[in-house]
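Have a look at the model below, and then let's go through its sheets and interfaces by question and answer.

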4 protein chains.
Amino acid sequence: MLEDLKEQVLKANLLLPEYHMVTFTWGNVSGIDRNKNLVVIKPSGVDYNKMKTSDMVIVDLDGNIVEGDLNPSSDTPTHLVLYKNFSNILGIVHTHSPWAVSFAQAGLSIPAAGTTHADYFYGDIPVTRPMTENEIEKNYEKQTGDVIVETFKQNNINPDEVPAVLVNDHGPFTWGTSPKNAVHNAVVLEQVAEMAYHSLQLKPHNIKMDQILLDKHFRRKHGKNAYYGQKNKS
Amino acid sequence: MLEDLKEQVLKANLLLPEYHMVTFTWGNVSGIDRNKNLVVIKPSGVDYNKMKTSDMVIVDLDGNIVEGDLNPSSDTPTHLVLYKNFSNILGIVHTHSPWAVSFAQAGLSIPAAGTTHADYFYGDIPVTRPMTENEIEKNYEKQTGDVIVETFKQNNINPDEVPAVLVNDHGPFTWGTSPKNAVHNAVVLEQVAEMAYHSLQLKPHNIKMDQILLDKHFRRKHGKNAYYGQKNKS
Amino acid sequence: MLEDLKEQVLKANLLLPEYHMVTFTWGNVSGIDRNKNLVVIKPSGVDYNKMKTSDMVIVDLDGNIVEGDLNPSSDTPTHLVLYKNFSNILGIVHTHSPWAVSFAQAGLSIPAAGTTHADYFYGDIPVTRPMTENEIEKNYEKQTGDVIVETFKQNNINPDEVPAVLVNDHGPFTWGTSPKNAVHNAVVLEQVAEMAYHSLQLKPHNIKMDQILLDKHFRRKHGKNAYYGQKNKS
Amino acid sequence: MLEDLKEQVLKANLLLPEYHMVTFTWGNVSGIDRNKNLVVIKPSGVDYNKMKTSDMVIVDLDGNIVEGDLNPSSDTPTHLVLYKNFSNILGIVHTHSPWAVSFAQAGLSIPAAGTTHADYFYGDIPVTRPMTENEIEKNYEKQTGDVIVETFKQNNINPDEVPAVLVNDHGPFTWGTSPKNAVHNAVVLEQVAEMAYHSLQLKPHNIKMDQILLDKHFRRKHGKNAYYGQKNKS
């Protein structure tokens, strides 16, 4: 069942150690089949170097296990909320990558400070508000998804144009047009977090790029007028 | 004698260079057999790439060499104090890993700043007080253990829930449920130290996480209500 | 056509991942044949590990494709402006290497702070002024070249003696006496940016080296009185 | 001639890239035969991966080439001054390792901040005063050695107990009981520089360790009462 997606999700999970994005088992990738409304996700707490395609767990959008012998990632309810609310995304990644976590622990968003950021993210990477006692104690992982969705709605951020978030005092979630693309965005996020950190140390509070330059670089790579890469080659 | 434990301790020592936790010979791992009250520990100043099982030294809890041709680690008396006072621990690691040492040299504890920390350590990683002239000059390594134990007692910290300490102007000790688990905690400590450092630069003095979130994450992975990983899988 | 230069440009591009200078496809190298006034450049958005000599694109100084099936790098117009205005240079590199970008995002030049810098760059690495709305919206990549040239002219900097620039809120361009030499300068730039950053944190605003020491080190390696290396042998 | 020493010096030079201490050719190691008063040193500007034993250059203490087809390192006169003035040392290393250079560029010594430092260096790593115009313009490399020697004399530092220095706005020299030991000290220097930097960011101006702890750790490893390692094993 969903063999191709399970293969994609396994491979995307294995990219996390390859790109040095995880310590031990601290990360997970999922993918969704939008026709069947089924999500494939990494099992909880399993070593990357032992994971097989058959270890991937299939759940429906209510979190029921449809196939798989192992527990799905404990972050599964967060993934499900994002798939239900961000209707175009096809893959999700959660890591504890250190530069992104450093901003999350400081409760700070990552400012759009240069063209590397603008090539992938159309604006700052938002940080969620701290969760309430209630949210933490009941259905914590689902509530984590809810507070992410709230952040994007209240700030009018389009999740297709800013495919990343920092959960306060926790860490990053990224998403994208496939499990692999979501990993790609996780790697870029970590890189722009590192550079924004250093720019902020050199020039505190004053590193935001011009909106026009942000528009230019994002539109150069995204949308119908994109001219980067080999896309417009007949 | 204690061949299995010697093998475990050797392997755990070899994990230190594998996880990039040591420069030259700056680290040591030990393990204890609680039935026999014997401790297996790395020899002093021997290269990791030349160490063999038979180089491991067996000492009793008074520090007498029971088996082995080499001098045990000069930090052996510190390990022994910890085994005697922290009655559940089965493995101990000492390193000079750079992020943890940076906090130790500043005389600062590592604040619990996010869920990565909370997944492993139930509260701040404490730093010991500076040792007195007397403590340094007589039985220095044993006194190092004593000041660690004092730190946990005076601050009511449970060493099973915070399996790490920073010795002032020196470096970290970690412990755990096995020599390998103690190394695991050493790696996590280094990672949370790195992230806490950067969070502190972004938001000085103000990065502590909510106690409720700390409770949630620690309890999600530890104790009888843990639901992370495959533990509760029948 | 230009097989030797295409080979040189391919090899120089492949040095970028080898020296850990790029994430994904974020970098490009070109070379010029000054007799034929033709430029060889990397195609846009192609993975380094799949690139072949035959993928290199040949363009003339007006940007017309003379040979090649792929789109040239989107930064091609910037390269062409530099070749037209800096008449001695034979290779150009653009990267998003993180330490150089951190200065670019802060809008700061990299101060000549020590002999490592002085061995390669005769003075600070300048940062360009922010580009205007007009410059960004029309012929952006060409205008990027123009603002680089303006920076060198207005500050009387000799591009042969300072073979690097930071484009504001964007990243570095370096150049040199060959495509390979331009990569060499990109690696040095990243290293001196890293060290200048840390020196600035230790001693803010006050790390510039003496002009006499700068002269000494630059002249020790460059120009007719150089005595470094094996150049003046036999 | 001096085949064994040439072999030692070659191997010690090759340790520099192995320990990630150099970029390109930015480093050199020498060794001395105290009976013959001859120094073996790396040639200038030669790639580490191409260097052979026969490329090593032999010079006398006045800098005359006694054997070798290549130019010796341009830093040879600095090495010679150190061998003449620090009569016990048998190997010298110069690198541009980035953390040590960061302190040198800030004109700051590296404070003895913890036991890692104290295990190798009996006090702060001094930084030299800036050189004068005269010193830079005439016999620069020899004068670099003179200013190092002056620093140790004026501050009553024993070069056998503090086998390292930072040359102002330049970088580190280390030395030791053999070429290999000098490289070992260069690696330790870089590590303690990195940790002192981060400790200083956490607690500016206030990270010096107690003198008694410094004494304890240095004497634990050095001198007649040392008890670290396997030295006192019969």
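Two strands pair if DSSP finds at least two bridges between them. Helices (H or I, at least four residues) and strands (E, at least two) are DSSP runs, numbered from the N terminus. This is a predicted model, where local features need pLDDT of at least 70, side-chain atom pairs count only at pLDDT 80 or more, and totals for chains, interfaces and linings use all residues. Residues are numbered from 1 along each chain as its sequence is written, chains are lettered from A and ligands numbered from 1 in the order in which they are written, and side-chain values use heavy atoms, with hydrogens and water left out.

Q: Which residue of β2(B) stands opposite S30(B)?
A: Start with the strands: β1 (residues 27–33) and β2 (residues 38–41) of chain B run antiparallel and are joined by 4 bridges. Within that pairing, the residue of β2(B) facing S30(B) is I41(B).

Q: Over in chain A, which residue is the bridge partner of L38(A) in β3(A)?
A: The open sheet of chain A has 7 strands in the order β4-β3-β2-β1-β5-β7-β6, paired antiparallel. There, β2 (residues 38–41) and β3 (residues 57–60) of chain A are joined by 4 bridges. In β3(A), L38(A) is partnered by D60(A).

Q: At about what angle to β7(A) does helix α7 of chain A run?
A: This helix covers residues 179–202 and lies across β1, β5, β6 and β7 of chain A. Its angle to β7(A) is about 140°.

Q: How far apart in the chain are E150(A) and R129(A)?
A: Their side chains meet in a salt bridge (a side-chain nitrogen of Lys or Arg within 4 Å of a carboxyl oxygen of Asp or Glu), at 2.9 Å, N to O. E150(A) sits in helix α6 (residues 140–154) of chain A, while R129(A) is in the loop between α4 (115–118) and α5 (133–137) of chain A; the separation is 21 residues.

Q: Which helix gives the largest share of the side of chain C that touches chain A?
A: Contact means heavy atoms within 4.5 Å, and 34 residues of chain C are in contact with 35 residues of chain A. Across that interface there are 2 salt bridges, and D75(C) forms one with R220(A) at 3.8 Å between the closest N and O atoms. Helices α3 (98–106), α5 (133–137), α6 (140–154) and α7 (179–202) of chain C each supply at least two residues. The largest share, 7 residues, comes from α3(C).

Q: Which three residues of chain C supply 22% of the area that chain C buries against chain A?
A: Buried area is the accessible area (1.4 Å probe) that two parts lose on being put together, summed over both. Chains C and A bury about 3,000 Å² between them, with 54% of it on carbon and sulfur atoms. The three residues, which supply more than any other three, are F24(C), W26(C) and Q105(C).

Q: Which helix supplies the largest share of the side of chain B that touches chain A?
A: Here 35 residues of chain B are in contact with 34 residues of chain A. R220(B) forms a salt bridge with E141(A), with the closest N and O atoms 2.7 Å apart. The largest share, 12 residues, comes from α7(B).

Q: How far apart are the nearest C-alpha atoms of chains B and C?
A: Chain A and chain D do not touch, their nearest C-alpha atoms being 11 Å apart. Chain B and chain C do not touch either, and their nearest C-alpha atoms are separated by 11 Å.

Technical notes
Axes are lines fitted to C-alpha atoms, for helices over the stretch in contact, and angles run from 0 to 180 degrees between N-to-C directions.
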